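Subject: Structure handover

Hi,

Here is the structure I promised to pass on. My notes follow below it.

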Amino acid sequence: MQFPSPVSIQWMASFIEAKVIGDDSSHATGINEIHKVSKGDLVFVDHPKYYDKCINSDASFIIINKEMDIPEGKALLVVENPFEAYCKIVHHFRPFEPSTKLISDTAVMGSDCFIYPGVFIGHHVTIGKNTIIYPNVTIMDHCIIGDNVIIQSGSVIGSNGFYYNTKKNRDVWYKKMPDCGRVIIEDDVEIGAGCTIDRGVSHDTILGRGTKLDNMVHIGHDTVVGKNCLMAAQVAIAGAATLEDGVTLWGQVGVSKTLTIGENAVVFAQSGVGGDLEGGKNYFGSPVQDAKLKQRELVWVKRIPELWDKVMGKKGE
Amino acid sequence: MQFPSPVSIQWMASFIEAKVIGDDSSHATGINEIHKVSKGDLVFVDHPKYYDKCINSDASFIIINKEMDIPEGKALLVVENPFEAYCKIVHHFRPFEPSTKLISDTAVMGSDCFIYPGVFIGHHVTIGKNTIIYPNVTIMDHCIIGDNVIIQSGSVIGSNGFYYNTKKNRDVWYKKMPDCGRVIIEDDVEIGAGCTIDRGVSHDTILGRGTKLDNMVHIGHDTVVGKNCLMAAQVAIAGAATLEDGVTLWGQVGVSKTLTIGENAVVFAQSGVGGDLEGGKNYFGSPVQDAKLKQRELVWVKRIPELWDKVMGKKGE
Amino acid sequence: MQFPSPVSIQWMASFIEAKVIGDDSSHATGINEIHKVSKGDLVFVDHPKYYDKCINSDASFIIINKEMDIPEGKALLVVENPFEAYCKIVHHFRPFEPSTKLISDTAVMGSDCFIYPGVFIGHHVTIGKNTIIYPNVTIMDHCIIGDNVIIQSGSVIGSNGFYYNTKKNRDVWYKKMPDCGRVIIEDDVEIGAGCTIDRGVSHDTILGRGTKLDNMVHIGHDTVVGKNCLMAAQVAIAGAATLEDGVTLWGQVGVSKTLTIGENAVVFAQSGVGGDLEGGKNYFGSPVQDAKLKQRELVWVKRIPELWDKVMGKKGE
């Protein structure tokens with residue numbers, strides 16, 4: 001999330017009752033998560049394991065629970081509970097704005113759109129031209145939808161991401177990270193029935209131009225999908241993944257978080273992608289591997305009995 | 001289901017035109033299925049294969065299609081068609097009560113709840129304090145929802161279970177078991193978008209305190225989920241399963257019916273759980289096994305060609 | 001799709017500005033896709049790879065981008081862009097008819113139906129007797145629903161199929177095939193919560209009498225499901241598949257397109273069906289195989305270390 005205007009570190013420190021170490025005269029321009037940060041961003045860290053990564057990232061301002069040295073031009077905001085401090089800031093800039101109307105007065109729509117009955121459109125939503133939203137679709141706050149987009153029935157755009165702060169010594173182990181990202185759906189995207197597109201926790205969830213989703217596809221928070229991608233039914237992509245242009249995922253493929261699938265890669269049905277995949281190739285399996293390798297492996301498994309018989313002398317079965 | 005008040009066996013016998021064998025002076029306190037019965041419960045059985053299991057279960061009253069001996073303090077209700085008799089009783093105590101309003105007048109809600117537009121709330125629903133129900137959610141009859149609960153858009157709470165009486169000599173093989181259970185969602189539970197939580201067929205479907213579900217998670221009838229469990233997107237759990245506290249299921253995991261997953265077990269993405277799992281361990285695969293064993297197996301498969309070459313003398317490919 | 005009345009080839013040629021080769025005096029009775037065509041049907045083809053298949057199919061009239069010889073009694077309609085011509089015809093006979101009402105005035109309903117609040121019913125929908133439609137269901141245009149049908153909350157009937165015309169040299173690679181098929185749900189079918197049943201692109205999507213679907217089942221366009229089939233949660237079936245009577249698919253099974261699963265076949269959970277399956281057998285695995293073979297394979301894999309030790313002399317780990 002970009003702040004509406006740069007926020008002074010002094011105001012921030014006073015707001016969350018933090019001690020500032022480092023440059024306290026500058027301004028934060030936005031909030032972001034560690035995988036997506038850039039200069040001017042504010043992040044938080046509360047586990048010693050991630051202190052160094054955070055301090056040496058592109059983030060300029062770090063909410064942290066330990067006093068440490070900090071490179072020139074950056075600042076630490078030291079508090080006892082960085083997660084609570086972070087939540088306070090997000091809630092301040094993105095307060096819960098419940099809507100009592102099916103379509104918020106703040107929604108902006110282009111010409112030649114058709115919105116069927118039973119559609120909910122939340123606050124601060126922009127929809128382009130010539131877009132069709134089918135019955136019983138839900139579009140939550142802060143979504144941006146392009147021209148010639150089709151969203152079929154029952155789909156949910158801008159649901160909250162599945163992203164929790166975990167402490168197993170609490171009574172309730174998991175506390176939701178409040179989110180301040182958006183969903184951006186570019187022109188010519190088509191979304192099937194019963195899909196769910198989570199909004200970014202701090203960055204944006206993006207579906208690139210011309211990408212098509214079949215029914216019941218799940219796209220996690222902060223995931224960026226390129227142009228002309230194709231996803232068949234019941235594909236699920238976890239948070240903060242990157243799909244480059246022209247990626248095809250066949251039915252029921254699962255994709256793990258914070259990884260990259262390269263341009264024009266094709267992943268066959270029911271595969272499970274747990275790490276980066278190079279573009280321009282075919283993949284199969286759970287865990288996924290090169291499709292030809294996997295096919296060969298399936299053949300090799302069928303040859304074990306022959307091997308057994310040769311080695312053990314016909315005692316296989 | 002507990003009956004509103006104990007029901008005399010004589011009334012029951014007359015209602016379903018049954019002959020009573022055994023103690024006809026006592027009262028049934030509820031209906032339950034064979035996996036969950038306790039003393040005072042009424043069950044039905046129509047297949048000889050299950051006669052003994054039923055008669056020797058904790059159930060006190062058995063609707064059955066054969067005259068048999070029955071232990072002291074129990075009673076048989078003998079009818080020609082136990083399934084039809086059972087349905088008649090369930091329909092009597094849980095009649096179909098269609099609702100013509102989006103929110104039934106019988107719904108009870110705590111303070112500081114927010115119900116978005118497009119939500120349906122059926123009869124006899126109780127919702128605690130500080131709970132948010134997002135647009136286009138459906139909450140059917142007889143659900144109990146706690147404090148600080150979040151249910152995201154498009155989710156369905158209290159749908160009918162997938163539980164059929166099967167006879168392949170009928171024109172229509174499968175006849176739905178009418179259900180009389182509930183869904184109980186405890187405090188601090190969060191349910192993603194597009195989830196479906198079936199109500200119990202005769203027992204309750206329960207999500208324990210602090211449990212979090214990602215999008216498109218399916219929870220079958222009569223399944224009991226402990227506290228602080230975590231389920232990623234597109235997990236499906238069949239009927240009458242038990243998940244103890246702190247269980248984590250990663251994306252697209254499938255869990256079969258009437259099994260138990262032990263405390264703090266972790267099941268990796270796309271795994272298929274077909275039987276009980278011991279707590280405190282990691283699991284992977286379809287069918288699932290100990291995660292380290294499975295990882296080792298994946299390596300072993302890759303070594304088959306080397307083995308082949310050694311044994312067969314380079315004829316592998 | 002059958003045309004409302006036979007359409008003269010001369011009118012058609014003039015409408016899409018085509019040159020007719022062959023018999024220009026006859027009439028087309030309907031549109032269909034190449035897997036489902038019969039005599040009198042119109043199809044289109046734009047790739048040389050499929051010219052012969054199309055011309056030698058049962059179709060009588062072929063929109064094509066090349067002048068060729070054509071068998072007696074058939075006709076070619078030659079245009080530069082067959083896909084655009086095909087779209088123009090479909091849009092003419094099935095114009096986009098947006099509905100501003102939750103239930104269209106054209107819907108026809110039998111006696112003793114109950115439609116819950118929040119249900120959308122589009123144009124030209126017929127519903128039989130004694131059918132229950134639960135809250136927040138969407139039934140799009142041109143669906144035919146039988147007697148004693150149950151459709152649970154959040155399900156979508158008649159969504160557009162996932163079927164695209166692909167040209168990777170365009171800015172937007174994928175262009176949706178406009179659809180003109182229907183969904184036909186026969187008597188005694190029950191559909192769980194959160195299901196999606198796509199309508200046929202040109203043929204009909206059919207669920208046969210007495211078939212039962214659990215929650216979150218996806219049925220692709222033009223798929224024909226027989227009588228008394230059973231599908232557990234999160235099954236997905238791609239387009240134009242055929243399931244004969246009595247087929248059982250357990251949870252999270254995936255089925256590819258344009259294949260046939262034989263009568264009474266049973267496919268175990270999480271399996272992936274990529275080709276035809278013979279009836280009366282059990283199947284398991286991704287890719288699927290005979291269940292007993294697959295079970296044996298799982299055992300063989302566990303024996304590799306023993307084999308390794310024997311051959312390599314205890315160097316396995």
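First, a definition: a residue is buried if 20 or more other C-beta atoms lie within 10 Å of its own, exposed if 12 or fewer, and partly exposed in between, with C-beta atoms placed from the backbone. By that rule Gln270(C) is buried, because 28 other C-beta atoms lie within 10 Å.

This is a predicted model: local features need pLDDT of at least 70, side-chain atom pairs count only at pLDDT 80 or more, and totals for chains, interfaces and linings use all residues. Residues are numbered from 1 along each chain as its sequence is written, while chains are lettered from A and ligands numbered from 1 in the order in which they are written.

**Gln270(C)**
Gln270(C) sits in the loop between strand 31 (266–267) and strand 32 of chain C. Helices (H or I, at least four residues) and strands (E, at least two) are DSSP runs, numbered from the N terminus. Contact means that the C-beta atoms of two residues, placed from the backbone, lie within 7 Å. Leaving aside neighbours within four places in sequence, Gln270(C) contacts Gly254(B), Gly272(B) and Ser286(B), as well as Gln252(C), Val253(C) and Ser286(C). Cys143(C) is 127 residues away along the chain, and its C-alpha atom is 30 Å from that of Gln270(C).

**The sheet in chain C**
Eight strands of chain C form an open, parallel sheet, in the order 9-12-15-20-23-26-29-32. Its edges are strand 9 (120–121) and strand 32 (272–273), each pairing on one side only. Two strands count as paired if DSSP finds at least two bridges between them. Strand 12 (residues 138–139) and strand 15 (residues 156–159) of chain C pair over two bridges. Ile139(C) has Ile157(C) in strand 15 as its bridge partner.

**Chain A**
Chain A has five helices and 34 strands. Its C-alpha trace spans about 80 × 55 × 40 Å along its principal axes. Of its 317 residues, 52% are buried.

**Between chains**
A rotation of 120° with 0.0 Å of shift along its axis superposes chain A on chain C, with RMSD 0.1 Å. The two copies are therefore related as by a three-fold rotation axis.

In chain B, 35 residues are in contact with 38 residues of chain A. Helix 5 (residues 304–312) of chain B gives the most to the chain B side, with five residues.

Best wishes

Technical notes: Least-squares fit on C-alpha atoms with pLDDT ≥ 70 in both.
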